[in-house]
Amino acid sequence: MTTETVMDLDHKYAMTTYKRNPLEVVRAEGVRLYDPTGRDVIDFLAGVAVCAVGHSHPRYIAALTEQLQRVVHVSNLVYNAPAAKLAERLCTLAGMDRVFFTNSGAEANEAAIKLARKRGTAIAAGKTQIVSALASFHGRTIATVTAGGQPKYSEPFGPLPGGSVHVPFNDCDALTAAVNEHTAAIFLEPIQGEGGINVADDAYLIHARALADAHNALLILDEVQTGVGRTGTLWGWQHSGVKPDVMTLAKGLGGGFPVGACLAVGDAARVFVPGDHGSTYAGNPMAATAALAVLDIIGAEGLLANAQIIGTLLQERIAHLALEFPEWIGASRGRGLMIGVNVPNGHAREIVGAALSNGLLMNATSEHTLRMVPPLVLTESDVCDAMDRLKAALQQLSGTSITAIRGAVSTAISVEPGFLAGRDLLGIDDFSSKECHQILALAKRVKAGQISNTATGKVGALLFEKPSLRTKVSFLGALAKLGASGMYLGKDEVGLGKRESVEDVGRVLTRMVDVLIVRTFDPVILKGLADSCTIPVINALDDAEHPCQAFADFLTMQEHLGDITGKTLTYIGDGNNVAASLMLLAPKLGVHFRIACPDGYVPDPQVWARAAELAAEHGTKMERFSVPSEAAAGADAIYTDVWTSMGQEEEHARRMAAFTGYTVTAEIMQHAAPGAIALHCLPAHRGDEIADDVMEGPWSRVFAQAENRLHAQQAILAAVL
Ligand code: PLP
C-alpha cells in the first residue's frame, strides 16, 4: 500500500480529530523513524513524549516478546505478577503507598479527580472543588477537559461537571485566593506540556503544597508528561522537592505501550474500596511488563543523567540557532529533554513543516512555541544531526541558505559508502572541499550506526613503523565494523625499504589486500607505496601530515559547535604534521585557522603557502601569532598537541624551553569565545602543552575527539573501499 493510499483511507474513514504530518512511519529504531522509502527522520516528538527508551530497544522487545508468548490479558479479577511487581516498583521509587493502573493519562487523572472528590466529600459535604491552572492540560475525558485550563478543549462539550476552578499558572496570590474549605485538590503539572512547556516555579509548588495542607486538600501532580525521566529526574516534582499526595503517570511509563498510573500516599491511598473504580485492560501483563522494562532500561543506561546532559547541550545548540535566526528562534526553556522554544515571529508550524522536509519531526504547541521531547536515549551526535537539519530548515525559511563563505557546502549532504572507491588519502589535498564535507557527513552516519558491513570479506593491512594506540585500535575496529578484517604489520615484520624495497612491498600487498593503512616517518616512503599499489593507501600519520586525525577533529567540532562554517580554530604549539592537516582542512570546511607557535617551530612554509591559497579560494582567514592569548581571542576551538613527538626525544629539553608560555591553560580558554571547546589529539602531557584543568574542565572534548578517530576512519574506509 502506498503512503498516498494510506492517507486516502485515513482521510476517508478515520474521524478527523488530528492534523497529521505528511509522514508514514513503517519502521523505527533508536531516535529515528523510517518512511517506506527508507528516508530517516529524527524523532523529537517520541510519540508525544512517550517513547522514553527510544524505538525498538532490544531489552524492551525481549521483555514484551517473552510476555506475549506467556499471557497477554487476564482481567483484574485475577492476579498477575508483572502488575504486582510494577505496583511495588512504582510505589518504592516514588515514595507512594498505593497505585491504580490505567491505560492512559486522561484515565489516570480521571482516577485522581474521582479519588479527590470522594475523599473531600467524606471530610465535608461540598468539599469537591478541583483548583487547576489556566493553560493546563489533563486529558480529553469530560472530567479532565473540565479540569484542564484550555476552554477550547471543553467548551464544545458542555454541560460540563461543576466544581472546577482555574487560576493563572505560577501565580501564588491567585492560588491563595482560590483555595478554601471547598477545595478537594490542587491539581497542577510540574511543567505544563501541551500548554507550551511552562515550568512551575519551585516557590509556586512549595506554596501549593502549603495551601493544600492548610485546607486539608490534596496536592495532585499530573506527571503524565513530566514523569519517568523526561525532565532528567524520575519525577518532575523532584526538582522542587515538593512531593504530592497523588501523582499521575502515563506516556513515558509504557515506552509506547498504553499504560498509566495514579499513585497516592497517606490517607489518599486508602480512599478507593472495591467497586469504586476499575478498568478492564489496566495493568494487564503486557502493559506492566512494558513499564517494568522501561524502568529497568532507564536505570541500567543512566538515562536520567543523559536527559540532563543532552538536554543542556540541546538548549546550547538552540541558543546558537537563536543568534543566527533571531526572527525564527528565541529563548528555550524546560528541563531535561522536555524543551520549548520560543518562536518570535509566530510561525512555529511553518518551522515544523520545514523541519520535517529536512528530516526532523517535532511539533508546535502554538504558533509561538516549538516542543522538543525526544527519546531519553538521544546522543550528542543525534543532537548535532537534528540541529543541522533544523538549521537547513531555517535557512530555507529565511532565504539565507547561501553562506558568505565560498566553498561551504549545504549541511544536508547526501553521501553513500564507496563514493571515493579506489582513492588514496596521503594528505588532505587528496580530497576536494566537497569530498571533505562528504567524509564528515558519512562519519555522522557511521556514528549513528547507519553504515556497517559495507566492506564484508575485504581485508585491510596496517603497515606501522611507529608506535600507536588510537590509530591501530581505531583502524582495526573500523575495519571490523565494516565487515572487513584487518592485520597489523609492525616495524620489524616487513623491513620496509631495508629487507625489501618499498615498491616491491607495495606490489605484493596490492595483490593480497584491499586497503593499505600506513604509519611511517618519511612521506617519500608513503608516496612510493601509493605509487606501487592499485589499492587505496591511507596515511595513518607521517612526518608531513595526519589527515585522519584532522577529519576526527573537525567532526568533533561539528558535533559540539554545530555548523562550523565561519568558526575559528586556534592551534597553539608546534607547527607539526597535525597542525599541517588541520590548516589544510580548515579552509576546505569554511573554518578560519590561527596558529600560535614560537619561532623555529612554525609550520612548513610550503604547507603554509598551500593552506593560504586554499583560504583565499574558500574565503577563510589564516593567521599566525606568537602570543597564545592573542591567537585564542574569540576562537571557537583551541587545539594543542605534544611538544616533543615520536622521534624527537633527543630535542626534548630544547623544545621544552622554546614552548614555555605556550601551555593551553584555563586562562587561555577564558580568552576564547563563550562555549569554546579544547581539543588535543593525545597522548597528552598534562602540565606541559595542556593544563590539567583544561584537559578535565568544561571545555574539554578531548575524549570525544579520540572516539571520533574510530568514526572518521570508518567513514574514510567506507568511502574508499
Ligand atoms: N496530562 C498531561 C500533562 C498530558 O500531557 C497529557 C497528554 O498530552 C494527558 C494528561 C493526557 O494523556 P492521554 O493522552 O494519555 O490521555
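Predicted model: local features only at pLDDT ≥ 70, side-chain atom pairs only at ≥ 80, totals over all residues.
**Exercise 1.** Find which residues come nearest to the ligand, and state how much of the ligand the protein buries.

*Solution.* 
1. The ligand has 13 residues around it, and the nearest are Gly 105, Ala 106, Asp 222, Gln 225 and Lys 251.
2. Asp 222 places a polar side-chain atom 2.7 Å from a nitrogen atom of the ligand.
3. For Lys 251, a polar side-chain atom is 3.1 Å from an oxygen atom of the ligand.
4. The ligand taken alone exposes 400 Å², of which the protein buries 83%.
5. Helix α5 (residues 105–123) contributes three residues to the shell around the ligand, the most of any element.

**Exercise 2.** Check the span of helix α8 (residues 202–214) against 1.5 Å a residue.

*Solution.* 

**Exercise 3.** Work out how the buried residues of α8 are arranged around the helix axis.

*Solution.* 
1. Tyr 204, Leu 205, Ala 208, Arg 209, Leu 211 and Ala 212 are the buried residues of α8.
2. Seen down the axis, these residues fall within an arc of 165 degrees, so they line one face of the helix.
3. In an α-helix there are 3.6 residues a turn, so residues three or four places apart point the same way.
4. Ala 203 and Ala 214, on the other side of α8, are exposed.
5. The buried residues of α8 pack against β6 (164–167), α7 (172–178), β7 (183–188) and β10 (218–222).

Note on methods:
Residues numbered from 1 in each chain as written. Heavy atoms only, no water. Helix = DSSP H or I, 4+ residues; strand = E, 2+ residues; numbered from the N terminus. Expected span 1.5 Å × (residues − 1). Buried < 20%, exposed > 50% of the residue type's maximum accessible area, 1.4 Å probe, protein only. Arc of directions from axis to C-beta. Contact = heavy atoms within 4.5 Å. Near = heavy atom within 4 Å. Polar contact = N/O pair within 3.5 Å; in protein donor to acceptor, adjacent residues only side chain to side chain. Areas by Shrake-Rupley, 256 points an atom, 1.4 Å probe, with all protein chains shown as cover.
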